[in-house]
Amino acid sequence: MPKGGIILKKMNGILLLVLSAVLLLSACGQSKEAASSAGSTTVRIGLLKNVTHAPAFIALQNNYFQQQFGSNTKIEVTAFDNGADFATAIATNQIDLGYVGPGPVINQYLKSKNIKLIAGANNGGAVLVVRKDAGIQSVKDLVGKTVAVAAKGGTPDLSLRLLLQQQGLKVSMDTSGVQIVTRAPADTLVAMRQKEIDATLIAEPWGTQIIQEGSGTILVDWNKIPPKDGNYPLTVLVASDAFLKEHRDLAKKAVQANKQSIAFIQQNPEKAYPLISDELKQLTGKGMEPALIKAALDHLKLTEDITLEDIKEQAKASFDAGYLKVKEDELDFSSFLDLTLLNEVKKEK
């Protein structure tokens, strides 16, 4: 072979080696990018558009969730109008975790058994307000009257039924007992003003709003509402079984973010009010006056603690009201609570 042909052959070989190396490096880079993309996670958080979900609002406004999850985790937030829609969403894998009243998820748990309660958020926060000219001076005066609650089976509804039971009163559809009707909180303000209802057991800050506009007065304050004189769970943190199985580490970080939020509100209430208002504005298009937020927070107990007895008590009230379509011996919630993450977070402080 001529000398020029040998040189050309060598050069072609070198070019092939260089090209192979370039392709290999490119493949490695793409592989790393793919691995990085595969390693990212989206956490879908649900909550309700209510100031009693303040720990969730602060965790979002102060970026506690993001800080805990890390920059490689994307957060998607879905706001619900009621707890029933939230409970359905988490049971059907539309969201991973979030804040809700215990009533709806107790009901959903008995149906699907695929939800865990992993921490508390706040207790209490509801008041019994009566119309000024309704002639109601005591709970016993509610006989023959109409009392509004936000939703059947919700925590205020169950508290109202317990309160009536304590006074020996019955719920009825006529004037022989107390008539319970459902009204959205905003509609309740109008109904009270227009004398369509006589009273309401309602979560704050709606009770304070009724009082401020002059149409009602508090008959039973938040710290006298059953069960346990206002020290009952109103908002809790729950997660789906699937999320706990696949991302238990992230669920634990959500519990930590919840704990941070509660501590921030307790230690910095004046800083918390505008942040809560800002989150409400993002969720609903409208913020809230600091005075109303303060009234709401003053009428509840922020706490990440919750017990099995708390859940059993609310479940029993829901069962007695006919909302839980199971046999009484099926009210087993030992697998509903998973407080191991909360206990780990407490030990690490």
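Mentor: Begin with the labels: helices (H or I, at least four residues) and strands (E, at least two) are DSSP runs, numbered from the N terminus. Lys113, for example, is found in the loop between helix H5 and strand S4 (115-124). This is a predicted model, in which local features need pLDDT of at least 70 and side-chain atom pairs count only at pLDDT 80 or more, while totals for chains, interfaces and linings use all residues. Residues are numbered from 1 along each chain as its sequence is written, and side-chain values use heavy atoms, with hydrogens and water left out.

Trainee: What is the phi of Lys113, and how exposed is Lys113?

Mentor: Lys113 has a positive phi of about 55°, although it is not a glycine. For exposure, buried means under 20% relative accessible area, exposed over 50%, and partly exposed in between (1.4 Å probe, protein chains only). Lys113 has 43% relative accessibility, so it counts as partly exposed. Lys228, in the loop between S9 and S10, also has a positive phi, of about 60°, and is not a glycine. Its relative accessible area is 42%, which makes Lys228 partly exposed.

Trainee: Which peptide bonds are cis?

Mentor: The bond from Glu204 to Pro205 is cis, with omega near 10°; Pro205 sits in the loop between S8 and helix H8 (206-212). The bond from Pro226 to Pro227 is cis as well, with omega near -5°, and Pro227 lies in the loop between S9 and strand S10 (233-240).

Trainee: How are two packed helices described?

Mentor: By the angle between their axes and the distance between the axes. Axes are lines fitted to C-alpha atoms, for helices over the stretch in contact, and angles run from 0 to 180 degrees between N-to-C directions. Here the axes of helix H4 (residues 83-91) and helix H5 (residues 102-112) come within 9 Å and cross at roughly 35°. With contact meaning heavy atoms within 4.5 Å, Gly83, Ala84, Phe86, Ala87, Thr88 and Ala91 in H4 meet Pro104, Val105, Gln108 and Ser112 in H5.

Trainee: What is the order of the strands in the open sheet?

Mentor: Two strands pair if DSSP finds at least two bridges between them. Five strands form the open sheet, in the order S7-S6-S8-S5-S9, with mixed pairing. Strand S7 (179-182) and strand S9 (216-220) are the edges, each pairing on one side only. The twist averages 30° from one strand to the next.

Trainee: Is helix H2 buried or exposed?

Mentor: Seven of the eight residues of helix H2 (residues 54-61) are buried, so H2 is largely enclosed by the rest of the structure. Ile58 is one of the buried residues.

Trainee: Which residues have the most contacts inside the largest nonpolar core?

Mentor: In soluble globular proteins, nonpolar side chains tend to be buried together. A nonpolar core is a set of buried Ala, Val, Leu, Ile, Met, Phe, Trp, Tyr and Cys residues joined through side-chain atoms within 4.5 Å. The largest core has 46 residues, and those with the most contacts inside it are Ile58, Phe65, Leu97, Ile276 and Leu297. Helix H10 (residues 248-267) supplies the largest share of this core, eight residues. A second, separate core of 26 residues includes Val105, Val236, Leu324 and Phe336.
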